[in-house]
Amino acid sequence: MYTHTHTFKEMQTVTLIPGDGIGPEISSAVMKIFETAKAPIRWEERNVTAIKGPGGRWMIPPDAKESMDKSKIGLKGPLKTPIAAGHPSMNLLLRKTFDLYANVRPCISIEGYKTPYTDVNLVTIRENTEGEYSGIEHVIVDGVVQSIKLITEDASRRIAEYAFEYARNNQRNSVTAVHKANIMRMSDGLFLRKCREVAENYKDIKFTEMYLDTVCLNMVQDPTQFDVLVMPNLYGDILSDLCAGLIGGLGVTPSGNIGANGVAIFESVHGTAPDIAGLDLANPTALLLSAVMMLRHMGLHDYGNKIQTACFDTIRDKKVLTKDLGGNSKCSEFTADICRRIQDLD
Amino acid sequence: MAAHSAVLSMSKIIKPFWGGHLGNTVKVFGTTLTSHRNKSSLTRENIPPPAKYGGRHTVTLIPGDGIGPELLNHVREVFRFSCVPVDFEVVHVNSAVETEDDINNAITAIRRNGVALKGNIETKHTMAPSVKSRNNLLRTSLDLYANVMHCQSLPGVQTRHKNIDIMIIRENTEGEYSSLEHESVSGVVESLKIITRNNSLRIADYAFKLAREKGRRRVTAVHKANIMKLGDGLFLQCCREVASGYPDITFDSMIVDNTTMQLVSKPQQFDVMVMPNLYGNVVSNVCAGLVGGPGLVPGANYGHVYAVFETATRNTGKSIANRNIANPTAMLLASCMMLDHLKLYDHASSIRNAILNTMNETRLHTADIGGQGTTSEVVQTIMRFIQSKGQLTSEY
């Protein structure tokens with residue numbers, strides 16, 4: 001894991017991509033909270049709309065790429081998914097441009113936002129470049145379609161190594177590989193083998209393997225038995241959303257994407273919510289918690305903890321909640337309450 | 001159409017003599033039966049309960065591994081006690097050997113008897129990739145294309161969510177479970193997921209027919225067509241086509257990751273769900289977990305001709321095998337589903353009611369649902385309930 005070493009109060013640049021819909025308002029909420037907390041972050045705002053580069057290939061705007069390459073850290077709001085726009089989704093473009101191979105979602109129960117599941121504290125680490133989402137499909141004959149799931153040694157080893165590194169750096173006790181090697185013998189078998197190999201180098205972390213269906217079954221009965229989960233793309237997609245559902249949904253779930261060369265982009269994974277955009281009704285929690293994840297990634301744990309505590313206290317207090325959390329306050333009121341708590345904590 | 005109904009009425013006469021060999025008979029008479037879909041396979045009216053001699057049915061029993069053998073022994077015990085006219089033909093399948101002789105014997109036995117009850121056969125994935133999953137082999141060889149699971153909240157069991165009543169219909173033969181894999185370059189493995197129009201239409205048809213039969217209002221197709229545009233796109237398209245023929249039933253679709261999220265927050269919104277193989281695996285396990293765990297839910301695999309019954313989540317349960325702590329409910333309810341299939345409705349209801357009554361006794365709950373009861377205590381209580389209802393039981 002890439003930790004920036006820095007002198008106290010040295011400003012770090014972070015590329016901020018506000019996004020569409022409610023993106024801009026929740027981004028400004030996060031910026032305001034960071035300012036109040038006096039976090040040493042300098043925001044560089046960039047837009048990512050697909051443009052056609054030389055050779056006809058779609059790419060992200062060069063100034064956005066340049067900013068990310070320099071700062072290495074990004075925070076992103078929700079992006080509109082274009083339908084029939086002729087170009088692939090922006091998320092996909094970002095992923096390809098920066099080789100974002102690991103999607104990390106810590107799912108921790110939020111005290112004060114009650115769901116049927118309490119004490120959830122797990123992390124899903126999903127391989128994000130290959131697997132079932134390779135996008136390779138053919139119509140073999142009329143009425144028969146073949147989708148190819150690709151598993152490679154390199155990608156599997158890379159994600160396994162990241163998972164164990166993450167576990168070690170975040171004081172987690174065990175890593176569980178999720179697979180279906182009983183049915184997909186060669187592909188998931190390869191993934192599993194690589195995980196086992198990497199586990200040899202991390203004897204301090206407990207390594208277990210579990211079938212996907214067993215994980216699902218146990219997850220909805222007792223999620224406390226899970227710690228860090230590592231898995232290929234499709235299972236990761238399903239499981240990470242399942243775990244998000246356990247703690248309250250995408251509106252409160254943080255997410256981070258780790259790429260090669262030390263690049264990391266943290267994002268909220270909910271939609272753009274165009275129906276409430278610009279009405280000061282949005283809930284900035286997901287983006288805020290992703291920003292906290294970012295702070296921890298950068299080694300700024302104190303600031304991260306302070307902001308997270310303030311956020312959780314506000315939610316637990318239940319006095320100023322946005323509509324999706326069960327209250328009827330405005331986004332600005334919610335933000336102001338968090339800022340107030342941060343000032344009180346100082 | 002006249003010729004068609006003539007064939008059917010003729011087949012009713014021929015049936016008692018030819019039993020399961022109806023297809024050949026029809027070919028002999030020079031007319032071709034139109035597609036299987038006209039055979040009303042769901043209501044199973046044209047398919048006679050197979051292998052019935054002297055009023056007793058013969059059913060293939062595959063003990064499997066882990067908790068399979070002990071649970072199936074309990075089923076036999078309960079059947080013997082209640083004088084159910086079913087004889088079991090036991091076929092063992094050894095999961096440790098690489099040859100496929102055992103599973104082929106089992107498949108032949110099921111072809112002979114038409115119905116089977118099975119435990120899960122372990123797949124040791126430390127063996128070579130050419131050694132395929134035995135359970136999968138069974139399902140594909142017998143073309144058991146529909147896996148049906150009914151998840152219902154049971155009154156005596158404590159769960160986080162209440163009032164769940166979901167029927168899950170999962171395509172059982174293709175999709176990600178096609179077992180077609182190869183290593184194209186060293187270190188790069190490709191696994192093929194196959195979706196065909198025929199199978200998708202078939203499973204969608206089954207789902208809608210079942211929904212109508214059971215008086216259900218809504219069918220939801222679960223997919224990931226935003227990513228797998230061709231594959232899941234085809235599946236979704238087939239579902240839509242079939243849905244247009246059932247205007248009384250609402251049809252909608254949902255992406256699989258959103259589905260799992262909705263299931264853990266508001267599972268009461270779902271009615272009937274239909275999906276390809278892998279998503280079916282995930283969703284059925286999530287739903288089983290929601291209603292109380294793998295020990296409670298029975299599952300059935302239906303084809304046009306054969307039916308195999310087992311627990312819904314197909315667990316081997318190696319860690320709890322032979323310790324008298326496994327929950328027999330799922331396997332016993334599966335055997336009741338089998339009795340319904342064999343049209344032995346009275347026996348099925350009697351055993352089912354006994355099971356549900358036993359569920360209400362919290363002190364008997366096994367470990368998986370939070371109690372400390374043993375398997376044998378549960379089975380004894382079930383048999384006591386059956387006896388108290390006054391039906392004919394054997395001397396115990």
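Start at B:Lys224, which counts as buried with a relative accessibility of 3%. Keep in mind as you look around that this is a predicted model.

Who are the partners of this lysine? One is A:Asp237, whose side chain meets that of B:Lys224 in a salt bridge, 2.8 Å from N to O. This pair crosses between chains: A:Asp237 sits in helix α7 of chain A (residues 233-247), while B:Lys224 belongs to the loop between β9 (218-223) and α7 (231-244) of chain B. A:Asp237 is buried as well, because its relative accessible area of 6% falls under 20%.

Now stay within chain B. There, the side chains of B:Lys224 and B:Asp257 form a salt bridge, with 3.0 Å from N to O. B:Asp257 lies in helix α8 (residues 256-265) and B:Lys224 in the loop between β9 and α7, so this pair ties together parts of chain B that are 33 residues apart in sequence. Both B:Lys224 and B:Asp257 are buried.

Over in chain A, you can find salt bridges that share partners. They join A:Asp317, A:Lys319, A:Asp337, A:Arg340, A:Arg341 and A:Asp344 into one network.

Chain A also holds the pair A:Glu44 and A:Arg42, a salt bridge whose closest N and O atoms are 3.5 Å apart. Are these two residues buried or exposed? A:Glu44 is buried, at 13% relative accessible area, whereas A:Arg42 is partly exposed, at 42%.

To put these pairs in context, a search of the whole structure finds 44 salt bridges over all chains.

Key
Residues are numbered from 1 along each chain as its sequence is written. Chains are lettered from A and ligands numbered from 1 in the order in which they are written. This is a predicted model: local features need pLDDT of at least 70, side-chain atom pairs count only at pLDDT 80 or more; totals for chains, interfaces and linings use all residues. Side-chain values use heavy atoms; hydrogens and water are left out. A salt bridge is a side-chain nitrogen of Lys or Arg within 4 Å of a carboxyl oxygen of Asp or Glu. Buried means under 20% relative accessible area, exposed over 50%, partly exposed in between (1.4 Å probe, protein chains only). Helices (H or I, at least four residues) and strands (E, at least two) are DSSP runs, numbered from the N terminus.
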